[in-house]
Amino acid sequence: MNPTTQKLVEQNAPAQLVDHNLVPETVCPGVLYEKRPARNLKGEVVPGLYNVWISLDNPKQYNSYTTDMVKGLILAFRAASCARDVASVVFTAVGDKAFCTGGNTKEYAEYYAGNPQEYRQYMRLFNDMVSAILGCDKPVICRVNGMRIGGGQEIGMAADFTVAQDLANFGQAGPKHGSAAIGGATDFLPLMIGCEQAMVSGTLCEPFSAHKANRLGICMQIVPALKVDGKFIANPLVVTDRYLDEFGRIIHGEFKTGDELAAGKELMKRGEIDLSLLDEAVEKLCAKLISTFPECLTKSFEELRKPKLDAWNRNKENSRAWLALNMMNEARTGFRAFNEGNKETGREIEFTDLRQALAKGMPWTPELIESLMPGAK
Ligand SMILES: CC(C)(COP(=O)(O)OP(=O)(O)OC[C@H]1O[C@@H](n2cnc3c(N)ncnc32)[C@H](O)[C@@H]1OP(=O)(O)O)[C@@H](O)C(=O)NCCC(=O)NCCSC(=O)C1=CCCCC1=O
């Protein structure tokens, strides 16, 4: 700060600041809250200004969020919102495998399955978490350190910007695991990538590569993360060296198959993951954001969030009610199947068995659910 401005601050700023937070800054299990010094466009630390890094910390379960973590995220976004010296929020997770794969399926299967009134309360917290991201007083950057799936994709899309390492996949899981992607995805995806591709993602649950997600518009920037022989290379599992196939169809960003895929997997094995370019890209974006008038920036992102907010606010209460009741049958079955299955038995039910039973008018009995579990005879 220049000496004249500094002197004015000393003479005029209040001696004691009022705390606008609802809760003390707390550390919640599974959520890290870290203030990191902000940097300017030259990469120099700007004294007295920070960016908050909010990180999901449950890497063994692919940074899926438990109920406690949802509470932690609400508080963390509130704290970052109120912190005068914080410029931007970086929303990320621990490790290089997953940003987040959504709700914790173990908790869903072992506590919420068959318990709609409890899940309804959980969904109040979930909705508050998404609203806390969309209502954050600071710009929110989702730093995608690894796959962003299910509810992970939903909370990621609630952020203002997405910067991803290019090995990350983006997708939904709901209809395969007994849910519908109505925790934000059905609101945000059509706005962000158009109705047709939103339909593909939200119903078929086939993930997009980071390269495709970038092309479609779910993320603003991707960076390489795999280093082979000391050099960064593009995700070797995905087509990145050509745009069209021989029939003129776009193949850039599609997953490789056959021999190409096998060769890509070999390269993956030889390489190591290095997220330094991701951190550089995120820091650069933060630096661009502090190089603006604060209130004009805030007004701009508040206006630009409105299409997402409108869709979210229109649907969130109905979605909550539907999801709660769905815990009685399809979610109860699908999340149990994921939780109780394994690589050998599979983690999904035989969907056609269920459809055939329902076509005969079979009611949802506990015995029906048991008969659908992976490995059931
Ligand atoms: C496709 C996957 C994301 C990745 O598959 P893969 O790479 O084969 O890894 P896995 O072996 O499956 O997983 C590695 C270990 O992590 C555990 N894991 C992964 N995801 C979760 C999770 N969400 N909760 C708890 N644990 C998780 C997994 O069990 C493995 O551990 P283990 O000890 O068993 O070896 C795949 O993992 C996957 O599909 N995951 C589940 C995705 C999912 O269904 N998420 C919930 C979606 S629903 C949701 O999020 C909702 C949000 C709010 C609104 C309502 C709603 O439904």
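Two strands count as paired if DSSP finds at least two bridges between them. Strands here are DSSP runs of E with at least two residues, helices are runs of H or I with at least four residues, and both are numbered from the N terminus.

With those terms in place, here is the structure. This is a predicted model, in which local features need pLDDT of at least 70 and side-chain atom pairs count only at pLDDT 80 or more, while totals for chains, interfaces and linings use all residues. Residues are numbered from 1 along each chain as its sequence is written, and side-chain values use heavy atoms, with hydrogens and water left out.

First, the whole protein. There are 16 helices and 13 strands. The radius of gyration is 22 Å, close to the 21 Å that the globule rule gives for 377 residues, so the protein is as compact as a globular protein of that length. That radius is taken over C-alpha atoms, and the rule is 2.2 Å times the number of residues to the power 0.38. The C-alpha trace spans about 80 × 50 × 35 Å along its principal axes.

Of the 377 residues, 45% count as buried; buried means under 20% relative accessible area, with a 1.4 Å probe and protein chains only. Contact means heavy atoms within 4.5 Å. Among contacts with a separation of 6 or more, 73% come from residues 24 or more positions apart.

Now to strand 7, residues 161-165. How many of its five residues are buried? Four of them are, and strand 7 is mostly covered. Strand 5, residues 140-144, runs parallel to strand 7 and is joined to it by four bridges. Within that pair, Ile141 stands opposite Phe161. Strand 7 also pairs in the parallel sense with strand 10, residues 221-223, over three bridges. There, Val163 has Gln221 as its bridge partner.

Next, an open sheet of four strands, with the order 4-6-8-9 and mixed pairing. Strand 4 (98-100) and strand 9 (208-209) are at the edges with a single partner strand each, so one side of each is left without a neighbour in the sheet. Strand 9 pairs with strand 8, residues 169-171, in the antiparallel sense over two bridges. Asn169 stands opposite Ser209 of strand 9.

Another open sheet has three strands in the order 12-11-13, with antiparallel pairing. Here strand 12 (231-233) and strand 13 (272-273) are the edges, and each has a single partner strand, so one side of each is left without a neighbour in the sheet. Strand 11, residues 226-228, pairs with strand 13 over two bridges, and Leu226 has Ile273 as its bridge partner in strand 13. Helix 10, residues 258-270, lies across strand 11, strand 12 and strand 13, at about 85 degrees to strand 11. That angle is between N-to-C directions, on a scale from 0 to 180 degrees, with axes fitted to C-alpha atoms, for helices over the stretch in contact.

Last, one residue. Leu56 sits in strand 2, residues 45-56. Is Leu56 buried or exposed? Leu56 is buried, with a relative accessible area of 0%. Leaving aside neighbours within four places in sequence, Leu56 is in contact with residues including Gly30, Tyr65, Phe91, Phe99, Cys100 and Ile155. Val31 is 25 residues from Leu56 in sequence, and their C-alpha atoms are 4.9 Å apart in space.

How values were computed. Buried < 20%, exposed > 50% of the residue type's maximum accessible area, 1.4 Å probe, protein only.
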